[in-house]
Amino acid sequence: MIKPVAARPVRALGLALAVLLAGCGSTVVNPVSGRAERTVMSLSQELEQGRRAHQSVLKEYGVLQNPALQAYVNTLGQKLAAQSHRAELEWHFTVLDSPEVNAFALPGGYVYVTRGLMAYMESEADLAGVIGHEIGHVTARHGAQRATRQQNAGLGVLAATVLGAVLESRGVGGATDLAGQVSQGVAAGYVAAYSREQELQADQLGAEYLSRSHYDPRHMIDVIQVLKDQERFAADQARAQGRPAPGGGGWLASHPSNEERLQRIRDEAANLAGNTAAKPPESGRDAFLKAIEGMPYGDSPAQGLVRGRQFLHPELDIALTAPEGWQIQNGAETLTLIAPGRDAALQLQGLPPRAGSSHEAILRQWGAEQGRTESRRINGLAATQFSGWRRNAQGQRSMAELTLITSSKGQVYALSPLARDGQALQQQRLALRQSVESFRSLSAEDRQLARPWKLALKPFPAGGFAELAKGSVLSEGRLRLLNGRYGDARTPPATGRLVKVVVAGPAP
C-alpha cells in the first residue's frame, strides 16, 4: 500500500481521535448481561464516536468497489443485527479493500470485514459467524468497557476504543518488528486488546445470533477452524523458510488460543443447535460463492503487489527485488524488506515535495554532513547515494546511509538500510546493496507478473488439489487452505463440486 506523498493514516487517526472526555463516568445497563456497569462512554457518546471514526477507518483501508457484494454483506449483517441484543442501533456493514484476513467493529454499530477474510469463508453461514462475533462485541459494549479500563492510560475514550480496534485489526500491539511502524507501536502500548472473556463472549453471542437467524450455530466452529488453519499454514511456511512462526493480531490473535475458542464454541453450538427454529438451517454456500466470484484476491495493484521476491507497483511504475529468504512488508507509505533473522531491513519511502526540490536539497534537509556523496544512474534512473555523518532534528550526529532515486514519474524515493547493530549491517551489506540496485521501472516481464489476481470457481477435478493448482496462481497448499481443506487428514471435496481458485487477470 505504499503511497508517494500521503501522510500516515493511522498516525493521523490517532491524532484526530486523541480527545479526552471530561467527567468521572456514569452507570449504564449492559444490553447483554442486564447488569449495571460503570462506563466512561455513555450510549450517546458511543454512537457519536463510532460515526466520527467510521470515515477515518474507510480512509485507512478503502472500501471494496463492488456494490453487489457490499449489498450482500449489508443484507446479511442487518439480518443478524435484527436478532441481536441491540436491534435498535443503526447498523453499518462494510467490506474493506484489504487482503488481510480480518474483521473488527467500532462502537455504535460499525462492523467491517475484509475481502481477505471473505475469501477463506466457505458459506454464507460462515460469514454470518464472523459478523455475528463482531456484532457481539458491539452489543456487549466491549469497546466501552475497554475505554473505561484505559481512561487512566493517557488516551481519550475515543482513542482507546477506536484506535485500539484499528491497531488490533492491523496486527499491531505485540512485539514490534525492527521495521514496525513507530507511531502504531507507541499507541498500541496504551491500548489493551479484548480480554479472554470478551473474545469468548463474542464467540458465544455470534453462535446465538446464528441460531436466532436460522443458521446452524455450529458454523461458528468452522470460523474458528479457519483461524486455526491460517495459524498452522503461517507456521508451516515460516518453518520452511527457516524463520520463527509469526504472531497474529485481530482475528488471528492467540488470546485466548484458538484451540480454547474451538472447544468452547463446540460446547455452545451443541447447546444452541437443538434450539434452532423448525426451519432447517441452511449454509447458503451457493449464494455466497456467487457473491464472491470475481472478487480481487491478495494485493491490489493500486497498493502495490508482492509476487514472490518481487514488489511491483504498476501505477507508480516502480519495482524492487528482495534478497532470497527476505520478507516483503507493504505498509501504508513504507515498503520494508526484512532479513530472515529480522536483524536488518531496507525501507523504501516516497518523499513529499516539501522534502526538497532536488536530491541535494533533500540530503541537506535530511541532515547529511560529512561523508561520501555519489550521483549515478540505477537502471536508467537518476540516483544519489550518501554515506557518512548525519545530524538529526535534535542535533544528534550519527553514521547513516541513504539512496535517493527519481522514478520515471518524477517521484523521489528514499531507500535506507536498517540494522540491529554494526555487525548485522556488515553481514547483510551485499544483500542490501543488491536490493537497492534492483530498483527499476516495470519491464514487460514485470507487468505480466503484476497481473491482478481474482477468485474464480471451478469444479473440483478428479486429480485433486494437485490438478487444481495447474490452473491457478496459488500453490496446492494455499488452495487447500482457501477451500477449508488444509492438512492431509481433511476429506477432499467431491469431484465436480464447485471450489475456489485464484487466477490472474489481464496485465495492467
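This is a predicted model: local features need pLDDT of at least 70, side-chain atom pairs count only at pLDDT 80 or more; totals for chains, interfaces and linings use all residues.
Helix 9, residues 196-212, packs against helix 10, residues 219-240, at an angle of about 140 degrees, and the two axes are 9 Å apart. That angle makes helix 9 oblique to helix 10, because only angles over 145 degrees would count as roughly antiparallel.

Sorted by class, the contact of helix 9 with helix 10 has four nonpolar residues, two polar and one charged.

The next helix pair is helix 3, residues 67-81, and helix 5, residues 124-139. Here the packing angle is about 60 degrees, and the axes are 10 Å apart. Helix 3 is therefore oblique to helix 5. As for handedness, helix 3 and helix 5 cross in the right-handed sense. On the helix 3 side, the contact residues are Tyr72, Val73, Leu76, Gly77, Leu80 and Ala81. On the helix 5 side, they are Glu124, Leu127, Ala128, Ile131, Gly132 and Ile135. By class, the contact of helix 3 with helix 5 divides into nine nonpolar, two polar and one charged.

Both of these helices also lie across strands, which brings me to the sheet. Helix 3 lies across strand 3 and strand 5, and runs at about 140 degrees to strand 3. Helix 5 lies across strand 3, strand 4 and strand 5, running at about 25 degrees to strand 4.

In what order do the three strands of this open sheet come? The order is 3-5-4, and the pairing is mixed. Strand 3, at 92-96, and strand 4, at 103-106, are the edges; each has a single partner strand, so one side of each has no neighbour in the sheet. On average, and ignoring direction, neighbouring strands of this sheet are turned by 20 degrees against each other. Strand 4 pairs with strand 5, residues 110-114, in the antiparallel sense, over four bridges. One detail from strand 5: Tyr110 is the bridge partner of Leu106.

Strand 1, residues 26-29, and strand 2, residues 36-39, run antiparallel and are joined by four bridges. Val28 has Glu37 of strand 2 as its bridge partner. There are six residues between the strands of this hairpin, and Gly34 takes a positive phi near 75 degrees.

I will finish with two single residues. The first topic is Leu43, which lies in helix 2, residues 43-61. Leaving aside residues up to four places away in sequence, Leu43 touches Arg86 and Arg141.

From C-alpha to C-alpha, Gly380 and Ser441 are 8.7 Å apart in space, and they are 61 residues apart in sequence.

Note on methods. Residues are numbered from 1 along each chain as its sequence is written. Side-chain values use heavy atoms; hydrogens and water are left out. Axes are lines fitted to C-alpha atoms, for helices over the stretch in contact, and angles run from 0 to 180 degrees between N-to-C directions. Helices (H or I, at least four residues) and strands (E, at least two) are DSSP runs, numbered from the N terminus. Angles under 35 degrees count as roughly parallel, over 145 as roughly antiparallel, 65 to 115 as roughly perpendicular and the rest as oblique. A crossing is left-handed if the near helix is turned anticlockwise from the far one by less than a right angle, and right-handed if clockwise. Contact means heavy atoms within 4.5 Å. Ala, Val, Leu, Ile, Met, Phe, Trp, Tyr, Cys and Pro count as nonpolar, Asp, Glu, Lys and Arg as charged, and the others, Gly among them, as polar. Two strands pair if DSSP finds at least two bridges between them.
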